[in-house]
Amino acid sequence: MPINHKERAKQIISFEGMERRRDIIPTDIDGFIDYGGEVFVYMEAKLVGAKFPNGQRWALENAVKSHDQVKDKEGEKGHKACAILFRHNTNPKDDIIVKDQYVEKCYFKHNNTYKWWNYKGNTVLQFLDKWEDYCEREEFTL
């Protein structure tokens, strides 16, 4: 889907002055996929070599974990969610084509363990294909 207002998309969204309790400040999420309220993907983009701030990492981890707390109608499985960190080295004047960027890490629960799994060598699009297959094998509806 094309960006409707490309000039507006270039504007900085400033959270200046929005510090909350315990010095928490809002964070942004660069991409989000909702597969009908059952499976979710959070995406974060960082320039190659740029720091992944702890607060942003914790926010994504907490969002992913929170999905397991939601139960289905039978009170069993929760939602399935993951967060991915992908890197780019795109010239600032060019668009970042997300599907072609390489995933560095992904965060999700596997074998009852939540952690950031190293996931190099796959583009975002390749990762999503594998994630969708995994979720279907785990009997989540996409």
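Modeller: Here is a walk from the chain as a whole to that helix and its surroundings.

Keep in mind that this is a predicted model, where local features need pLDDT of at least 70, side-chain atom pairs count only at pLDDT 80 or more, and totals for chains, interfaces and linings use all residues. Residues are numbered from 1 along each chain as its sequence is written, and side-chain values use heavy atoms, with hydrogens and water left out.

The chain has 3 helices and 5 strands, and from the N terminus on they run α-β-β-α-β-β-β-α. Helices here are DSSP runs of H or I with at least four residues, strands are runs of E with at least two, and both are numbered from the N terminus. The C-alpha trace spans about 45 × 40 × 30 Å along its principal axes. Of the 142 residues, 33% count as buried; that word means under 20% relative accessible area, while exposed means over 50% and partly exposed is in between, using a 1.4 Å probe and protein chains only.

Now to your helix, H2 (54-68). H2 has 15 residues and reaches 22 Å from first C-alpha to last, close to the 21 Å expected at 1.5 Å a residue; that expected span is 1.5 Å times one less than the number of residues. Which residues of H2 are buried? They are Gln56, Leu60, Glu61, Ala63, Val64 and His67. Looking down the axis of H2, you'd find these buried residues within an arc of 155°, so they line one face of the helix. The arc is taken from the directions from the helix axis to the C-beta atoms. As background, an α-helix has 3.6 residues a turn, so residues three or four places apart point the same way.

What covers that face? The cover over the buried residues of H2 includes E2, E3, strand E4 (102-110) and E5. Contact, by the way, means heavy atoms within 4.5 Å.

Let's look at E2 from that list. E2 is mostly covered, with 8 of its 9 residues buried. Strand E1 (residues 31-35) pairs with E2 in the antiparallel sense over 5 bridges, where pairing requires that DSSP finds at least two bridges between the strands. Glycine 31 stands opposite methionine 43 in E2. The hairpin of E1 and E2 has 3 residues between the strands, and glycine 36 takes a positive phi near 65° there. E2 also pairs with strand E3 (residues 80-88), this time in the parallel sense over 9 bridges, and phenylalanine 40 stands opposite alanine 81 in E3.

Rings of Phe, Tyr and Trp (its six-membered ring) pair if their centres lie within 6.5 Å; planes under 30 degrees apart count as stacked, over 60 as edge-to-face and the rest as tilted. By this rule the count comes to 11 aromatic pairs. One of them is stacked: phenylalanine 32 with phenylalanine 40, at 6.0 Å centre to centre and 20° between the planes. Phenylalanine 32 counts as partly exposed because its relative accessibility is 44%, whereas phenylalanine 40 is buried, with a relative accessible area of 8%. Phenylalanine 52 and tryptophan 116 make an edge-to-face pair, 5.6 Å centre to centre with 85° between the planes. That pair links distant parts of the chain: phenylalanine 52 is in the loop between strand E2 (39-47) and H2, tryptophan 116 is in strand E5 (residues 113-118), and they are 64 residues apart. Both phenylalanine 52 and tryptophan 116 are buried.

Leaving aside neighbours within four places in sequence, aspartate 68 is in contact with Gly78, His79, Lys109 and Tyr114.
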